[in-house]
Amino acid sequence: MSTWLANAIVRGTDVSDWLSEKRQAALGKLKQQSWPNRKTEAWKYTPVSVIDRGAFSPAVNDVDANAAIDAIDNLDASALVFLNGRYCEALSCKTLPEGVSITSFHNASAAQKEWALAQFASVKPDRHLFGLINDVLAEDGLLIDVEPGVQVTTLLRVVNLFSEGIEAHSRILVRVGKGAKLAIAEEFTNSTPSLNTSFAEYVIEDNAELEHYRFALQTGSALSVGGGHFKLHDHSKLHSTLVGFGSQLSRVDVDIEHAGQHAYAEKNVVYLLDGKEIFDLHSTIEHAKPNGTTEENVRGIVADQAKVVFNGRIHIHRDAQKTLAELNNRNLLLSRKAEVNTKPELEIYADDVRCAHGATVAELDTKALYYLQSRGVSRQDAQIMLNFGFINELVDRMPNEALATWLRSKLKVRFAQMKVSSPQDALVNS
Amino acid sequence: MSNALLSVTDLHASVEEKTILKGLNLTVNEGEVHAIMGPNGAGKSTLGYVLSGREGYEVNSGSAKLGEADLLDLDPEERAREGLFLAFQYPVEIPGVSNLEFLKAAVDAQREARGEEPLSSKDFLKQAREACKQVNLPADFLKRGVNEGFSGGEKKRNEIMQMLLLQPKLCILDESDSGLDIDALQVVAEGVNSQRDGKRSFVVVTHYQRLLDFIKPDFVHVLADGQIVKSGDASLALELEAQGYAWLQEQRARDAELLGEEHV
Ligand SMILES: Nc1ncnc2c1ncn2[C@@H]1O[C@H](COP(=O)(O)OP(=O)(O)OP(=O)(O)O)[C@@H](O)[C@H]1O
Ligand SMILES: [Mg+2]
């Protein structure tokens with residue numbers, strides 16, 4: 001048993017607000033779960049013992065004067081800032097786009113509470129241990145509601161800042177109304193010792209569109225467990241990009257549910273890992289209704305002794321005829337000690353579907369290498385270009401160009417640091 | 001004084017144990033345009049690959065010099081920096097690597113080899129835009145992945161664009177005319193002609209006389225079965241266009257027979 005979990009349960013019992021009923025339900029489920037160990041399938045390769053080894057104190061609402069929000073050139077965005085898991089109005093953008101209501105848990109109106117109560121823990125499945133913990137402990141969060149038909153062109157940047165030694169839990173609930181459109185980025189960039197859980201539940205109503213980013217760029221001893229859970233209604237669209245660096249504990253659970261027909265989901269995932277970092281992604285695509293499409297591309301570069309865990313599940317229900325689902329996972333290993341644990345899980349109960357699923361260790365493309373060299377680029381530089389190009393292909397797919405440019409330079413910096421520890425010719429290690 | 005830029009002497013080369021080049025000789029002097037024609041599978045592209053140093057193309061004997069440099073001793077990037085450029089018959093698509101980034105790296109690497117400072121991004125962009133314009137490619141092709149999703153003709157024009165930027169000494173154009181529409185053919189030809197300055201040399205591999213109407217060759221060679229079997233002036237291309245290669249092969253067979261008889 002974990003003393004941290006026991007402690008969390010005690011703390012959870014004390015939380016009392018308009019979400020109490022939901023929290024109590026989660027608490028009941030949480031008490032039935034056991035702390036993960038190596039035999040726990042969902043946590044087989046990712047030890048959570050680091051949580052018990054750290055000493056974290058719950059959030060205090062001190063406005064850290066040093067808290068800096070990354071400036072992004074040419075980006076039309078409104079920043080919404082969480083400081084140690086609490087929404088911080090002082091650091092957040094004062095002018096918000098039209099047609100979207102944004103409120104913190106504490107300021108929610110009766111009407112907002114009503115839809116929030118209906119959505120809270122309804123998109124996120126109960127099986128996620130830390131999701132339940134977040135249900136119980138997330139004292140603050142954001143309710144974002146886009147009115148039907150409204151096309152929000154300004155990107156909402158949900159920026160998460162943490163002080164050293166802090167433990168923080170935050171929540172986001174987003175509803176994109178019928179025919180509406182929203183773009184949102186969840187950003188995590190800290191490397192200071194801390195622990196956070198951050199779960200987001202998105203409902204995309206009929207004909208609505210969501211452009212979503214999660215930049216899980218915490219490193220070092222910033223421990224982070226989070227989730228992004230999406231419910232897609234008829235003819236809705238999701239374009240989601242997840243970018244991960246590893247840390248001592250960096251875990252993301254993704255659930256995409258096709259709850260309506262003719263929905264389209266594109267999920268692209270990029271990770272860059274170095275040192276002894278861990279990045280763990282569990283994704284589940286549920287096709288419950290016919291005519292849905294999912295394309296999931298998961299790619300990463302793993303250096304040194306870093307470890308990636310990817311569990312990609314596609315579940316096509318009996319009624320989900322004419323589903324088109326594709327998932328691929330490609331990894332480039334930069335050292336012999338780098339570790340990739342990838343596990344595809346396909347469950348198909350409908351007969352008229354097209355489904356592809358593959359995981360590979362990427363090979364260096366010798367033709368491309370020669371082509372670059374034949375123009376005068378050194379072999380080493382050409383390899384670096386190709387390796388970066390391998391993940392950049394997915395960055396190129398981001399609909400927001402300003403954001404892609406910012407991300408590209410961040411990835412380049414990290415990639416340049418990685419290559420130092422990696423022998424160029426030990427690229428492929430299958 | 002000879003002003004040979006490229007001298008290939010008795011070159012034998014193989015791919016996957018299969019001998020493709022069987023004693024090839026070719027000398028290209030400064031400022032000259034040589035056309036190479038010949039049947040499919042004769043080894044024309046192989047010659048380009050061997051000269052540019054593609055992996056898997058094994059040189060069994062012979063030599064190839066570009067100016068003073070022994071090409072066969074150099075890595076592919078060093079050959080490029082010596083001034084060799086091969087416009088590929090089938091340019092490679094490299095998604096994720098932008099055309100612009102790739103070209104900047106190539107130009108900078110070649111400048112560095114000549115002891116020059118790297119170009120500023122601004123100057124480079126200006127040059128790259130001009131080169132695009134010259135081959136009728138929209139400038140936003142620079143932002144796209146290298147050849148990614150380019151049509152056949154766009155890929156060929158992208159090759160010529162690179163040649164314009166890199167300013168090589170010797171350009172080998174491997175079927176740069178195939179798959180081009182009539183206007184694009186002129187664009188490519190004009191691109192090449194604009195680079196003729198009396199010093200720069202071209203080896204133009206083609207199946208069609210048509211390109212040679214636009215780019216006037218000084219010499220035409222027939223490459224068959226791994227050797228240059230016949231050389232002539234521009235009129236040879238016309239003759240080949242009219243008659244194909246069969247007569248040449250018959251002639252060679254007769255020669256071989258004669259040679260055989262002499263041995264007896
Ligand atoms: N990797 C390889 N493995 C085996 N054979 C090869 C390989 N590459 C080339 N060849 C063979 O070498 C021969 C010469 O090929 P090459 O591409 O040089 O011909 P080409 O003269 O350029 O023909 P084309 O006019 O059709 O372009 C062909 O028979 C070809 O099949
Ligand atoms: Mg060829």
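Apart from neighbours within four places in sequence, B:Val92 is in contact with A:Lys367, A:Ala368, A:Tyr371, B:Val146 and B:Asn147, contact meaning heavy atoms within 4.5 Å. The model is predicted, with local features needing pLDDT of at least 70, side-chain atom pairs counted only at pLDDT 80 or more, and totals for chains, interfaces and linings using all residues. Residues are numbered from 1 along each chain as its sequence is written, chains are lettered from A and ligands numbered from 1 in the order in which they are written, and side-chain values use heavy atoms, with hydrogens and water left out.

B:Val92 is found in the loop between S6 and S7 of chain B; helices (H or I, at least four residues) and strands (E, at least two) are DSSP runs numbered from the N terminus. With a relative accessible area of 14%, B:Val92 is buried (under 20% relative accessible area; exposed is over 50% and partly exposed in between, with a 1.4 Å probe and protein chains only). The C-alpha atoms of B:Val92 and B:Val146 are separated by 7.8 Å, the two residues being 54 residues apart along the chain.

B:Ser45 belongs to helix H1 (residues 44–52) of chain B, whereas B:Gln89 lies in the loop between strand S6 (84–87) and strand S7 (94–98), 44 residues apart. Both B:Ser45 and B:Gln89 are buried.

B:Pro217 is placed in the loop between helix H7 (209–214) and strand S11 (219–224) of chain B. B:Pro217 counts as buried because its relative accessibility is 10%. Leaving aside neighbours within four places in sequence, B:Pro217 is in contact with B:Val33, B:Ala35, B:Leu212 and B:Ala234.

The lining of the largest pocket comprises 33 residues, with A:Asp396, A:Arg408, B:Ser98, B:Lys143 and B:Arg144 nearest its centre. On a 1 Å grid over the protein atoms alone, a pocket is an open set of points where a 1.4 Å probe fits, with protein on both sides within 12 Å along at least five of seven lines; lining residues have an atom within 4 Å of a point. H8(A) gives the most to this lining, with 6 residues.
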